[in-house]
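Subject: Handover of a structure

Hello,

I am passing this structure on to you. Please look it over first; my notes follow below.

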Amino acid sequence: MSGYDDRDGKIWLDGKLVDWRDANVHILSHALHYASSVFEGERCYDGKIFLSRKHSERLHKSGELLDMPIPYSVDEIEAAKREVLDANGLDNAYVRVVAWRGAGEDMGVASSRNPVRMAVAAWEWGSYYGDAKYDGAKLDIAKWKRPSPETIPTSAKAAGLYMICTMSKHAAEAKGCSDALFLDYRGYVAEATGANIFFVKNGEVHTPDPDSILNGLTRQTVIGMLEERGIKVHVRHIMPEELDSFEQCWLTGSAAEVTPVGQIGEHTFEVGTLTREISEAYEALVRS
C-alpha cells in the first residue's frame, strides 16, 4: 500500500477540495513545532457519519480550550465532510478532521498572529485492532501516565496529548501487544492509547471516571446502551490492583469501535457474552 501522502483522491483544505498529493503545509507551520493542533476521528457507515455533528462540536470545543478558535462553523465542517466523502466515492470510511496553527508572523511559542487552518480527509480503514476485534486485544501497561488536567486541558482532543500514546504503543507492539493501558497521574486506571476502557464484574460494568481523560463519544454511547439494558454502570476511580477481579474487558473509540480485551499485562479476561452483545449492538446502532 502506498503511503498516506501518495494516493489518488481529494482532501478538503481551507475551504476547497485539492488533489490528495497537493494537500501540503509549510515546514514552519506552528503546529509542526509546538503541537498547536486539534482533531477528530470519525467513522462513516453506509454513507452516514456516526455522531458527526457531535464530533464537529467537540472540534470547536477543543479549539477553544487551546486558545485556537476554529474558523469554520459546525455547519461548514459538516458540509466539508460530506463534500470529501462524495468526492472520493466513499460510503464506509474513516474521516479525519484536523485544525492547526499554520505559518504566519509568529514562530516562537506564541501563535496568535498565525492563521488557524483546517483540513478534512477520508479513506477506507478496516478494524483498528485487526483480528483483536474478535479474539481479544492484548495490552501492555505503559510506563507513562496520563497528565493532570492542571497540566494541560485533558478534555481537548489535542495532538500534543498523543505523543506519549505513540511512544507507549510502539513499546507495546515491540512486546507483541496491540496497545497499552495508561494509568493517570494519581495511579488510577485511565485509558488505552486511543480508546476508553470498560470492565465487567458480577454482571455490572465499571469504567474510569473521565476526570483526567477524554470522555469519548463512543464511551458515552456505550454507557447509554448499557443503561438502556438495565445494566449497572459504575463510573469511578479504578486501582490497577483491581484488574484481577474483573471477568471481562473491552475498549471503545470511534476507530476502535467496541473491541474485546483478552489480556492486560499478566491479567487475563474472557471475551464474554456481555462483551459480544455490546459489540454486536454497537455495530447495529452505527448502521441503523
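**Notes on the structure**

N202 counts as exposed because its relative accessibility is 64%, where exposed means over 50% relative accessible area, buried under 20% and partly exposed in between (1.4 Å probe, protein chains only). This is a predicted model, in which local features need pLDDT of at least 70 and side-chain atom pairs count only at pLDDT 80 or more, while totals for chains, interfaces and linings use all residues. Residues are numbered from 1 along each chain as its sequence is written, and side-chain values use heavy atoms, with hydrogens and water left out.

N202 sits in the loop between strand 10 (196-201) and strand 11 (204-208). Helices (H or I, at least four residues) and strands (E, at least two) are DSSP runs, numbered from the N terminus. Although N202 is not a glycine, its phi is positive, at about 55 degrees.

D14 is another non-glycine residue with a positive phi, near 50 degrees. Its place is in the loop between strand 1 (10-13) and strand 2 (16-19). With a relative accessible area of 29%, D14 is partly exposed.

H30 belongs to helix 1 (residues 30-34). Is H30 buried or exposed? H30 counts as buried, because its relative accessibility is 3%. Neighbours within four places in sequence aside, the contacts of H30 (heavy atoms within 4.5 Å) are A35, S36, R101, G102, A103, G108, V109, A110, S111 and N114.

Next, helix 2 and helix 3.

Helix 2 (residues 52-65) and helix 3 (residues 74-87) have axes that come within 9 Å and cross at roughly 125 degrees. Axes are lines fitted to C-alpha atoms, for helices over the stretch in contact, and angles run from 0 to 180 degrees between N-to-C directions. The two helices are therefore oblique to each other; angles under 35 degrees count as roughly parallel, over 145 as roughly antiparallel, 65 to 115 as roughly perpendicular and the rest as oblique. On the helix 2 side the contact is made by S52, R53, H55, S56, E57, L59 and H60, and on the helix 3 side by V74, D75, I77, E78 and K81. By class, this contact has three nonpolar, four polar and five charged residues. Here Ala, Val, Leu, Ile, Met, Phe, Trp, Tyr, Cys and Pro count as nonpolar, Asp, Glu, Lys and Arg as charged, and the others, Gly among them, as polar.

The buried residues of helix 2 are S52, H55, S56, R58, L59, H60, S62 and G63. What covers them includes strand 3 (37-45), strand 5 (93-101) and helix 6. Just after helix 2, D67 has a positive phi of about 55 degrees.

Helix 6 (residues 217-228) has twelve residues and spans 17 Å from its first C-alpha to its last, close to the 16 Å expected at 1.5 Å a residue; the expected span is 1.5 Å times one less than the number of residues. In helix 6, the residues L217, T218, R219, T221, V222, I223, M225 and L226 are buried.

Helix 6 packs with helix 7 (residues 273-286) at an angle of about 115 degrees, their axes 11 Å apart. Helix 6 and helix 7 are therefore roughly perpendicular to each other. T218, T221, V222, M225 and L226 of helix 6 meet L274, I278, A281, Y282 and L285 of helix 7. By class, that contact has eight nonpolar, two polar and no charged residues. After helix 6 comes G230, with a positive phi near 80 degrees.

Regards
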